[in-house]
Amino acid sequence: MTTTSSTPGVRPAAGRTRLFWEEAAQDWQSARKEGRRPEFSEYVARTLRSLREGVGREAGTDPSTRTVHRVPLQGDESSRLPERYVAEHHTLTLFGLHQHAASEPVHRPGVGLGTACLLLRRSETLTQAAVERRLIAAATAQDLNELVQHLQRLVPLLRQAGTGLDYTRLFRELTAWDGSGRNRVLRSWGLQYTDPGTPATEDGESAGQEQTPYWVTFDPGSPDAGADLAALRSGTGREPGTVAAMWPFHRTRMASEWRDKGSLTRDLAAEHTALTLFARHQQTHDRRMHIAGNSPGTAAGLLARKAAADSEAKAATAALERRFGALLTSADADELAMHLRSFVPLLNRAAVGLDYDLLRTALRTWDDPRRPDAATGFRQRWDRDFHITASS
């Protein structure tokens, strides 16, 4: 099978074969540069019709689309097609759906799926809730075939809103979906969708005023409060940024290039952990459990004071001190998060609040090599808060 394009005037990109959607975009651009009416050649238009006919068909079964593939088949592989070939088939059919009746190329380099959905939301073609339902449905697909079914319903909406998509990137993401690369794909979609469009520092984390975090704005009386907290609890123990149900609640600022890569920064990891802890802490309470100024030491001191009123006060206080001491000696942010997950249910039962802004800062900097004294500072302040509160 030939790996070069038969499109007139279109040459493969240096170092690799140009994929069909790249050919189509170049074909349209070439007409405009040559002073002709910008439109697709008959070859591209005919191929797009073939691609749309391949929607819903199994890869490799439609003779009309075989010549459009740029991923080569080696030998007799009829029993099991290469993953890249299958992913390319799905990408081609999605591109055919998206490009249908669109007057300009819909292949837009640099526009990931999360960014495209953000643009769709801003276009007001659909409500924010409707866009998020579709993106989350795609992100929670169990396998590639299910993902493609969701995308087949999404790309016509992108076309309707005049929003393009980077199909070369989508091709790589579909290739990775059923493998170990899925989490990075998910994180990039979520980060792109929540991108506030703000500048960032060189390490990917933004300086300046941040968006108000969810735990500060949480309204216990909201009709959606229970569902929101359940969505956040679903992220407990899971990799930050990969839980689609949590995406609407993230406020982390990050440079767009880091978002596109699906980078896992300290800021994102800290916010993820704080959100899951807050959701566990807040459930069953009709007042907000984020209390500014209540450090873990203050909260543990309040628990100790409550325990002192019980009949087994001495044993309860000793157990609490041991648990709090283990938290203070956490070697890194992961261990700190582990101890906090067992500490927060105690606060929930006792209706004792916690400062989640402070907690997020601690989780972000506890073992940061750029802030070698951060953990020591937190330990000293929290220990002092505990003894002052418990004895007052």
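Predicted model: local features only at pLDDT ≥ 70, side-chain atom pairs only at ≥ 80, totals over all residues.

Visitor: Which element gives the largest share of the lining?
Guide: That's α9, with three residues.

Visitor: And how do the lining residues divide into nonpolar, polar and charged?
Guide: Three are nonpolar, four are polar and one is charged.

Visitor: OK, switching to packing. How many residues are in the largest nonpolar core?
Guide: There are 52. Phe20, Phe95, Leu147, Leu151, Tyr167 and Trp189 have the most contacts inside that core.

Visitor: Which helices supply at least two residues each?
Guide: The list runs α1 (20-33), α2 (42-53), α4 (83-99), α5 (113-123), α6 (128-139), α7 (144-160), α8 (167-176) and α9 (182-193). The largest share comes from α7, which puts in eight residues.

Visitor: Let's zoom in on Phe95. What does Phe95 touch?
Guide: Setting aside residues up to four places away in sequence, Phe95 touches Phe20, Trp21, Ala24, Leu48, Leu51, Val106, His107 and Tyr167. There's also a second, separate core of 42 residues, and that one includes Tyr214, Val243, Ala337 and Leu340.

Visitor: Back to the helices: at what angle do α1 and α4 pack?
Guide: Roughly speaking, they pack at about 35°, and their axes are 10 Å apart. On the α1 side the contact is made by Phe20, Trp21 and Ala24, while α4 brings Glu88, Thr91, Leu92 and Phe95.

Visitor: How does that contact divide by residue type?
Guide: Five of the residues between α1 and α4 are nonpolar, one is polar and one is charged.

Visitor: Last one, Thr276. Where is Thr276 found?
Guide: Thr276 sits in helix α13, which covers residues 266-282.

Visitor: Is Thr276 buried or exposed?
Guide: Buried: its relative accessible area is 6%, so it falls under the 20% cut-off.

Key:
Residues numbered from 1 in each chain as written. Heavy atoms only, no water. Core = buried A, V, L, I, M, F, W, Y, C linked by side-chain atoms within 4.5 Å. Buried < 20%, exposed > 50% of the residue type's maximum accessible area, 1.4 Å probe, protein only. Helix = DSSP H or I, 4+ residues; strand = E, 2+ residues; numbered from the N terminus. Contact = heavy atoms within 4.5 Å. Nonpolar A, V, L, I, M, F, W, Y, C, P; charged D, E, K, R; others polar. Axes fitted to C-alpha atoms, helices over the stretch in contact; angles between N-to-C directions.
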